[in-house]
Amino acid sequence: SNFILANAQLRRGFPIVYCSDGFCDLTGFARTEVMQKNCSCRFLCGAETSEPVLQRVEKALDGKQEYQAEVCFYKKGGAAFWCLLDIMPIKNEKGEVVLFLFSFKDITESRGKSHAGDKKEEKQRSRKAGNAHLRAARRQGRTVLHRLSSQFARRDRAEMKINRNVFENKPSIPEYKVASVQKSRFILLHYSVFKALWDWLILLATFYVAVTVPYNVCFTGTEDSPSAARSTIVSDIAVEMLFILDIVLNFRTTYVSQSGQVVYDPRSICLHYVATWFFVDLIAALPFDLLYVFNVTVTSLVHLLKTVRLLRLLRLLQKLDRYSQYSAMVLTLLMSVFALLAHWMACVWYVIGRKEMESNDPLTWDIGWLHELGKRLEAPYINNSAGGPSIRSAYIASLYFTLSSLTSVGFGNVCANTDAEKIFSICTMLIGALMHAVVFGNVTAIIQRMYSRRSLYHTRMKDLKDFIRVHRLPQQLKQRMLEYFQTTWSVNNGIDVNELLHDFPDELRADVAMHLNKDILQLPVFETASRGCLRSLSLHIKTSFCAPGEYLLRQGDALQADYFVCAGSLEVLRDDVVLAILGKGDLIGADLPSQDQVIKTNADVKALTYCDLQYIGLRGLCEVLRLYPEYASKFRADIHQDLTFNLREGSELE
């Protein structure tokens, strides 16, 4: 992880265009102190640094060749350390060497353990260790290049494949601007088409479980025989197999972390799943129906245990946000929940009728709704249990009663006669009134509230498409505008922070602005600023966004602001030559001139990925500095030290 990248296309000293955080930690230098320095690392030299080794390094750079050596360098504080230096040239798709990769491996401890009497043996051992360090350094550097290269890919160029032989004994020169990071072939993307179809299948299986489990418990649970619930045994076992397979797939499915990153690491995926939904899914997937396959006697207790499958409904609650994005899906879910509730209550209604008949109460056993149904269908019950209507007729009558009660349109042909049945009917009516008041009575308000932001999105998207059609913009420009609008909307959800905070008092706006812009205000250049100065600066800080391939600045443009990179990567170009690679935490702009004058940029700044930026206008910055003259002189003296790259024309000569 300790590496730097240098531009191999500039003959003037091969300037450093990128340095890793590990290199800064190793040497003690800040990134702004390293950028644009000569990659021969003369700034790390000291009394014990070997001059012949440095000359061979410069010779390897001039010849654009690989080189490896052990060198004694010095940190910023003056402490010496030994490192294994590995230089690798990087080619682009045209075969031109465009970058040098310098990898630094700290070997101070291994050299300190060597003994003077074992020089020959130690030399052989260090050579082997050096080769191991070389391979490890190349792997680490290759990983970083692998990540960076996905950012360098241009739209009009085909993606390049990584040479798999790069880590062999004779490594080939790595290619510049290679393909994106490859995930394991056994990792399933959570946003893939297959996963979406699989989720729909699991959703249907969950509803199937919610319907069949209460039905089997109430209607077939009265038969203590192996033949009970044989009609659904095949489908039940198939659903159990689906749930078990779903557990296996969840151990190999990516997820989005709290920081918004997609996690591909198998170990992290397993730990995340075990810590969230694994035990719920495991309990719900217990294969109770396999008891039928082995002809085990099934009792009502087994049917009751199968109700744990209803825990799968908790998974449905997790995905409601995804399904609630569509009004048709919301209505479908509401109707499904209503029908499911009626089904559950029908099962309970049937159980109440059975219990009333089996109670052997001479006053109530022959007036229950189930007994009355049997007499009407000319299939009366004999001895309180034998005979009676079929299970199919009893279920239809139960569902008819509960639906008519929930919707308050009952006709009385199936009615409650006993006390228990009347109490249940009262509860059903109350639940039906609640369903009407909470769900159906507010369905319009629910949809409007859920889709107000989406409605605004579609309105603005339609306005944008109408604008493109009226003015007949070319296809490429149209695509750029649509991509920018969609991506910015996904970032801020259409919320304009400045407009939102416009009506708030200045004190509150300043506090909110300081919180939103705390990253840029924590730069060293603002350390000596007073709180009042920081609050004034925060009100002038704005946010910006840049899509891949878009130019933030063009060479020769008038510089209007200093930019701070919150996320993403950019490259600084001059005549198609990379001068610097900027990442999170970098500051790009210009130092303030001594007098009011227009600052012209000396290079292009182009986005490699989607970039979130914060910027402060130079005009607003000058206004704040005029209010705080005691800090202005300090700021003008220190700003050039915090700039990762100075865009002012003439700054490179200074």
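Biologist: What should I know before I start?

Modeller: The model is predicted, so local features need pLDDT of at least 70 and side-chain atom pairs count only at pLDDT 80 or more, while totals for chains, interfaces and linings use all residues. Residues are numbered from 1 along each chain as its sequence is written, and side-chain values use heavy atoms, leaving out hydrogens and water.

Biologist: In what order do the five strands of the open sheet lie?

Modeller: In general, strands of a sheet pair through backbone hydrogen bonds, either parallel or antiparallel. Helices (H or I, at least four residues) and strands (E, at least two) are DSSP runs, numbered from the N terminus, and two strands pair if DSSP finds at least two bridges between them. Here the order is β2-β1-β5-β4-β3, with antiparallel pairing. Strands β2 (16-19) and β3 (67-74) are the edges, each pairing on one side only. From one strand to the next, the twist averages 25°.

Biologist: How many bridges join β1 to β2?

Modeller: Three bridges join β1 (residues 3-7) to its antiparallel partner β2. To find the place, look for Ile-4, which stands opposite Cys-19 in β2.

Biologist: Which strands does helix α3 touch?

Modeller: Contact means heavy atoms within 4.5 Å. Axes are lines fitted to C-alpha atoms, for helices over the stretch in contact, and angles run from 0 to 180 degrees between N-to-C directions. Helix α3 (residues 51-63) packs on the sheet and touches β3, β4 (80-91) and β5 (97-106), its direction making about 135° with that of β3.

Biologist: How many salt bridges does the structure hold?

Modeller: A salt bridge is a side-chain nitrogen of Lys or Arg within 4 Å of a carboxyl oxygen of Asp or Glu. The structure holds 16. One of them joins Lys-195 to Asp-199, with the closest N and O atoms 2.7 Å apart. About one helical turn separates these two because they are four residues apart in helix α6 (residues 193-219).

Biologist: Are Lys-195 and Asp-199 buried or exposed?

Modeller: Buried means under 20% relative accessible area, exposed over 50%, and partly exposed in between (1.4 Å probe, protein chains only). Both Lys-195 and Asp-199 are buried.

Biologist: Which parts does the salt bridge of Glu-507 with Arg-535 tie together?

Modeller: Its closest N and O atoms are 2.7 Å apart. Glu-507 lies in helix α21 (residues 506-516) and Arg-535 in helix α23 (residues 531-538), so the pair ties together parts 28 residues apart in sequence. Arg-535 is buried at 14% relative accessible area. Glu-507, Asp-511, Arg-531 and Arg-535 are linked in a salt-bridge network.
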